[in-house]
Amino acid sequence: MLVANPGSRPLAGGQSLLNVLKHRAAEVEAVIDISRLEELRGIDAEGGRLEIGAACSYDRIGASDAVAAAHPKIAAVADGLVDQQVRCRGTIGGNACFNDPGSNYPPLLVALEATMRVVGPGGDREVAADQFFQDTYRVDLGPGELLRSIVIPAADGTAVGYSSLQAEDSWALARAVARVRCNGTIAEPRIVVGCVSGAQPRATAVEQALDGAEPSAEAIAAAAEQADEGLETASDAHASAGYRRKMARVMVARAVTEATERARRGDG
Amino acid sequence: MAEVEETHSIEFELNGERRATVVPGRELLVHFIRDDLGLKGTHIGCDTGNCGACTVRVDGQLVKSCMMLAAQLDGCAVETIEAGPAEELREAFNAEHAVQCGYCTPGMLASAAFLLERNPNPSSDEIRRALKGNICRCTGYENIVRAIERVANGKATAGGAL
Amino acid sequence: MSSSSTETGAPKTTTKPWTGQDLPRKEDKRLLAGQGQFVDDVWMHRQGYAHFVRSPYGHARVVSVDVGPALEMAGVYTALTGSEVKEMCDPFFQIAPEPGGKIEEFPLAVDKVRYQGDPVALVLAETRELARDAAERVRVEYEPLDVVVDAVAAADPTSPVLHEEIGHNVAWKGEYSYGDIDWALENADHVVKIDRLHFHRFSSTPLETFGAVINWDPGTDMIEIRSNNQMPIFGTMMLSPTLRAGADQMSWYSQDIGGGFGIKIASYPQIGALALLSRKAGRPVKWSETRSEHMLSSGHGSERTFLDLEAAVQADGTILGFRVRAFDDAGAYLHYEPLGAVIWAQVLTSCYRFKHINVDYTETLTNKCPTCPNRGYSRLQHMWMIERLVDTVAKQLDFDPVELRKINYVQPEDYPYETPNKCVYDSGDLPQELDLALEKLGYAEWRQKQAEVNAADNGKRIGIGIGSTLDSGTNNFGQAQIVNPDLPFSGNGEAAIAKLDVYGELAVYLGTTPQGQSHETTTAQVVADILGCDPGAVRVYAGFNKEQSTYVGFSGTYASQFAVTGIGAAIGAAEKLRGEIVALSAFALQCEESDIVLADGVASYRGDEERAIPMIGVANLCYSNVAVLPDELADRVSLNCRYVYRPPFDPPDPETKTGNLTLTYANQIHAAVIEIDEGTGKVEILDYVAMDDCGSRINPAVVEGQVHGATAHGIGAALHESLDYDEDGNLLQATFWDYHPATALDVPRLKTGHVESPSPFSKNGAKGMGEGGGAPLGTLCSAIQDALGKDVLVTDTHNPAERVYELLEGLRNGGGQSGVEVTSR
């Protein structure tokens with residue numbers, strides 16, 4: 001249907017798309033309701049590896065013991081997102097595909113090395129999360145393609161920190177996600193800076209500085225100073241570009257701190 | 001394969017009663033409830049799905065009816081404030097002076113009921129989190145939280161000015 | 001047949017009065033069932049849906065408006081443009097004297113648009129969405145002009161001029177001078193000077209936006225207005241001359257209103273345009289604005305900039321007075337303004353005994369949404385400035401903030417206290433209230449915790465703040481003459497009717513338009529006490545209904561006055577009715593009037609309950625059995641008693657700008673503990689106390705509910721809510737996505753307490769309350785300042801994380817320009 005109706009968009013939870021429509025912010029010929037396709041709503045957990053259907057609601061994800069066991073941050077983000085009404089209807093796939101800089105999941109999925117499973121007229125394909133999020137409101141989905149599910153590999157001893165500076169607890173001014181291994185020293189750090197660009201940039205300079213370092217407050221703070229390298233932030237009603245850049249550093253430091261502490265405790 | 005249409009036939013349950021009708025594809029559920037079904041207790045307070053005044057229950061889920069299309073109601077059960085009772089909650093709202101202008105009230109009651117179904121004994125923080133999606137400009141939320149706590153603590157009784 | 005219903009099921013209480021009880025509300029029955037009647041619930045046969053076409057520009061010439069493409073659409077009934085409106089109307093009456101008085105404003109913009117959202121055309125169509133589609137098709141050609149969005153800049157004669165008919169942007173200017181501030185500043189031990197303070201623009205954003213269903217009847221020429229306007233009398237006064245219709249032709253109706261907070265006074269221009277649309281279309285017009293429209297164009301709270309504030313302070317902490325230049329930002333048109341230019345003078349010295357005041361007040365026009373009364377209208381701004389002043393004096397001169405306030409507060413023995421501009425503060429006990437606030441907060445324990453946390457240097461700072469304000473209620477409209485001596489307004493009042501209907505039912509009709517203030521319940525309590533019955537037996541009709549209501553020139557619900565004016569009117573009417581009931585009963589029971597007791601809905605002979613007449617019997621004598629009454633009795637009873645409450649006011653003196661501007665003064669003292677996250681600047685409230693004194697409380701739960709609501713509004717504005725325009729005149733917060741009204745997570749648990757200082761000036765000792773004084777604004781600024789110390793200055797009412805972060809950076813970079821200067825002799 002998506003192919004046959006070029007001006008159409010898939011409608012899952014509608015918690016972003018309906019606002020776009022109400023404000024007539026985009027030319028949409030039709031919406032195609034996919035919210036009840038069972039094949040898009042499941043949660044599969046095996047050996048710590050998760051596959052979450054794109055149309056799975058936050059409410060379901062937050063309540064899932066399987067998700068909480070395999071990847072607690074995925075569940076925690078779902079459970080704390082916006083408000084109860086949005087959690088009942090909104091979906092992880094919607095959040096990912098909308099890819100607003102404020103979207104909660106994209107930086108987390110990149111940090112967790114998720115794989116996005118896409119289905120379309122040309123068949124099925126898989127895209128690594130860091131390729132999938134291309135730019136603000138732009139993801140790697142071609143005409144007629146749908147995100148089917150998101151696969152997150154088992155944590156396998158890694159731990160995650162997720163830190164947001166949320167204006168009024170709804171949408172964030174700054175965000176960072178860090179996934180590390182830490183056994184005395186930090187290894188394989190993956191740090192993603194959220195709230196800046198739909199491309200979900202990695203803080204590579206910080207990763208390099210932290211790789212092999214001891215997780216002391218000083219080392220983390222020093223490394224985090226580089227978090228805004230190459231970052232282009234914007235000024236708007238909520239915050240200035242300069243503040244966003246500074247807060248990126250603060251969020252990176254806090255995310256890394258959280259990740260290393262969780263690693264130490266064995267919390268994942 | 002289904003075709004894209006301008007109007008849709010829907011069959012649904014409204015406050016326990018089976019209904020069937022045709023709706024335009026572009027119509028929001030909240031307008032369907034208010035204008036087509038003539039039920040005025042569900043209110044509109046914003047145009048971005050932030051205020052929660054339009055909150056209803058659909059298949060038991062808590063939903064902002066301005067963030068759903070009427071056409072999506074097909075095969076679902078919708079419950080509005082007009083469904084009635086939730087006696088305990090209403091008595092508690094009255095007893096604790098949790099209503100001033102009344103505009104947010106139907107949405108608040110829906111969210112409060114949903115919370116208590118899942119969590120009969122919520123902490124005051126959990127109550128506030130549960131009400132995050134319902135804006136009130138009159139009460140400062142204080143008495144609404146107290147009313148819900150009153151029900152949770154089993155203090156709500158029948159009687160009162162209602 | 002007993003005519004007294006006992007809906008409450010409460011037992012006979014002849015001893016305990018209803019006034020003063022936490023009676024659960026009568027209004028709740030319908031509201032909890034979703035059966036309220038709000039304006040969008042109203043529907044008229046043959047109605048069309050209206051949608052405004054609005055300017056995207058902050059300032060532009062309107063070159064052309066072509067509604068042709070809209071009219072071509074099927075289902076579109078008609079459209080209205082500014083040039084048509086100009087032919088049909090006279091411009092709105094202006095409150096301002098010249099030059100502001102020469103502004104020409106019509107219900108639609110004609111040659112120019114002056115703020116983003118200014119309406120230029122109106123379309124009417126079969127459905128809501130169709131009206132919106134049609135509005136989008138209207139082709140408007142604009143020629144953008146330069147924009148001015150700063151009130152101080154707008155005072156400059158070279159700034160872009162909004163209204164050519166006056167040639168500049170100063171709507172009103174005046175100087176308020178009392179005592180001798182020059183002498184005080186020259187001779188004081190210290191002078192504390194603050195360069196700039198800014199009270200930001202925000203709004204109470206009632207959850208229900210403006211709406212109306214209007215029919216200008218083609219047959220009778222009556223204009224039926226079903227709306228949520230909260231001051232229909234003011235709307236009538238504005239629209240009658242503009243629409244060239246008699247005030248008696250305009251019939252207003254409202255029932256339930258989803259919050260107003262003053263903003264719903266300002267919907268008269270839209271209502272005017274919609275009335276004209278209805279007349280043109282020959283059918284009723286239904287309109288509900290979207291939230292975006294409300295944010296853009298309904299009405300914003302006053303924004304005020306204070307420059308060069310200087311305070312004269314003695315060594316012992318006595319503040320002699322202050323001088324300041326105030327710039328108020330009225331937005332693009334004067335809606336209810338420039339009354340704000342004098343209303344702040346009701347609280348000239350706020351809670352304090354300052355003697356020497358000089359305020360140079362300029363009100364300017366800018367390319368922003370017109371301001372209008374918004375919860376605490378014009379007084380919050382002035383009182384916040386004073387509280388910042390007091391707080392800063394304490395901080396900079398190392399006075400204890402509690403003691404400094406106590407020294408300067410109006411003292412309990414001073415009441416009734418006459419201020420330098422001859423306002424009279426009726427009663428209060430501020431020092432005691434402050435002590436109670438601090439006790440409730442656990443002030444000593446928090447100071448200790450603060451010391452520990454701040455010394456620990458682990459990224460957090462605690463601050464403790466105090467804020468004191470007044471809520472002046474029942475204003476003397478004569479103060480309008482201070483702004484414009486030609487205005488024929490003075491005093492205040494409200495009307496009520498109390499009656500027994502044909503079967504003895506008790507009904508009270510008010511001229512008020514409550515938006516949640518519980519008028520039905522509180523009125524019933526007061527009337528029940530007077531007439532010896534149960535409040536369940538008193539039906540109260542609030543919500544303006546021109547046919548049913550009774551009204552005076554000040555009717556409506558605004559400005560913290562109902563407990564005095566509305567209740568005063570209800571008391572007067574009920575007492576008149578009581579007199580008639582007693583007279584009729586005495587006749588029926590063949591006794592003296594002084595032997596009649598009214599209790600439980602029955603009139604009986606004192607000491608003999610069997611010798612009694614129920615209300616239905618009393619009514620019968622007056623309505624249907626009149627021949628049995630002696631003439632002198634029949635001639636003086638109607639059981640339909642109207643009373644107008646009139647507070648004792650004289651017109652103020654426009655020359656000296658003095659006079660008693662408000663009858664009652666409730667007061668508020670708040671205290672808060674906050675914690676700042678040093679990494680981000682984010683402020684979290686750890687503890688909050690709100691003390692209130694509004695005299696005798698008719699229903700304490702209702703009073704407390706107002707305190708909660710006002711506090712939430714203040715906290716929201718202080719930390720979360722702001723309306724900002726960019727340099728092109730774009731409003732940056734035009735939806736609830738960007739303008740964040742405080743949610744249940746933003747408002748902390750509120751601890752409240754009260755002091756009860758009855759007013760000697762009202763019928764019942766009550767003081768008007770509800771607006772709240774804006775105490776959280778001063779309190780939170782004080783708390784943030786306390787956390788930051790004396791080397792930087794909190795200068796804005798709005799302190800989101802970024803602003804606090806900047807202040808912290810200022811500290812970390814060694815202070816520098818803090819904006820405050822102290823000179824000592």
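Which residues in helix 20 of chain C meet which residues in helix 21 of chain C?

## Helix 20 against helix 21 in chain C

Ala710(C), Thr711(C), Gly714(C), Ile715(C), Ala717(C), Ala718(C) and Leu719(C) in helix 20 meet Pro776(C), Leu777(C) and Leu780(C) in helix 21, where contact means heavy atoms within 4.5 Å. By class, this contact of helix 20 of chain C with helix 21 of chain C has 8 nonpolar, 2 polar and no charged residues; Ala, Val, Leu, Ile, Met, Phe, Trp, Tyr, Cys and Pro count as nonpolar, Asp, Glu, Lys and Arg as charged, and the others, Gly among them, as polar.

The axes of helix 20 (residues 700-719) of chain C and helix 21 of chain C come within 7 Å and cross at roughly 45°, which makes helix 20 of chain C oblique to helix 21 of chain C. Their crossing is right-handed, a term for the near helix being turned clockwise from the far one by less than a right angle, with anticlockwise giving left-handed. Axes are lines fitted to C-alpha atoms, for helices over the stretch in contact, and angles run from 0 to 180 degrees between N-to-C directions; those under 35 degrees count as roughly parallel, over 145 as roughly antiparallel, 65 to 115 as roughly perpendicular and the rest as oblique. Helices (H or I, at least four residues) and strands (E, at least two) are DSSP runs, numbered from the N terminus.

## Basis of the model

This is a predicted model, in which local features need pLDDT of at least 70 and side-chain atom pairs count only at pLDDT 80 or more, whereas totals for chains, interfaces and linings use all residues. Residues are numbered from 1 along each chain as its sequence is written, chains are lettered from A and ligands numbered from 1 in the order in which they are written, and side-chain values use heavy atoms, with hydrogens and water left out.

## Helix 11 against helix 21 in chain C

Helix 21 (residues 775-788) of chain C also packs with helix 11 (residues 379-396) of chain C, their axes coming within 9 Å and crossing at roughly 25°, and these two helices are therefore roughly parallel to each other. The crossing of helix 11 of chain C and helix 21 of chain C is right-handed.

On the helix 11 side the contact is made by Leu380(C), Trp384(C), Glu387(C), Arg388(C), Asp391(C) and Lys395(C), and on the helix 21 side by Leu777(C), Gly778(C), Cys781(C), Ser782(C), Gln785(C) and Asp786(C). These residues divide into 4 nonpolar, 3 polar and 5 charged.

## Helix 2 against helix 5 in chain B

In chain B, helix 2 (residues 87-95) and helix 5 (residues 142-152) pack at an angle of about 135°, with their axes 8 Å apart, and that makes helix 2 of chain B oblique to helix 5 of chain B. Glu88(B), Leu89(B), Ala92(B), Phe93(B) and Ala95(B) in helix 2 meet Ile144(B), Ala147(B), Ile148(B), Arg150(B) and Val151(B) in helix 5, a set that divides into 8 nonpolar, no polar and 2 charged.

## Interfaces between chains

Chain C and chain B bury about 4,400 Å² between them, 54% of it on carbon and sulfur atoms, where buried area is the accessible area (1.4 Å probe) that two parts lose on being put together, summed over both. In chain C, Leu32(C), Leu207(C) and Arg749(C) lose the most area to chain B, together 19% of what that side buries. The contact takes 55 residues from chain C and 49 residues from chain B. Between these chains the count is 9 salt bridges, each a side-chain nitrogen of Lys or Arg within 4 Å of a carboxyl oxygen of Asp or Glu; Arg34(B) forms a salt bridge with Asp40(C), the closest N and O atoms being 2.9 Å apart.

Between chain B and chain A the buried area is about 2,400 Å², of which carbon and sulfur atoms give 51%, and the contact takes 32 residues from chain B and 32 residues from chain A. The count here is 3 salt bridges; Asp59(A) forms a salt bridge with Arg118(B), its closest N and O atoms being 2.5 Å apart.

## Backbone features in loops

Most residues other than glycine have a negative phi, and most peptide bonds are trans. The peptide bond from Glu98(C) to Pro99(C) is cis, with omega near 5°, and Pro99(C) lies in the loop between helix 3 (82-88) and strand 4 (112-113) of chain C. Phi of Asn15(B) is near 45°, a positive value, and Asn15(B) has its place in the loop between strand 1 (7-14) and strand 2 (17-24) of chain B.
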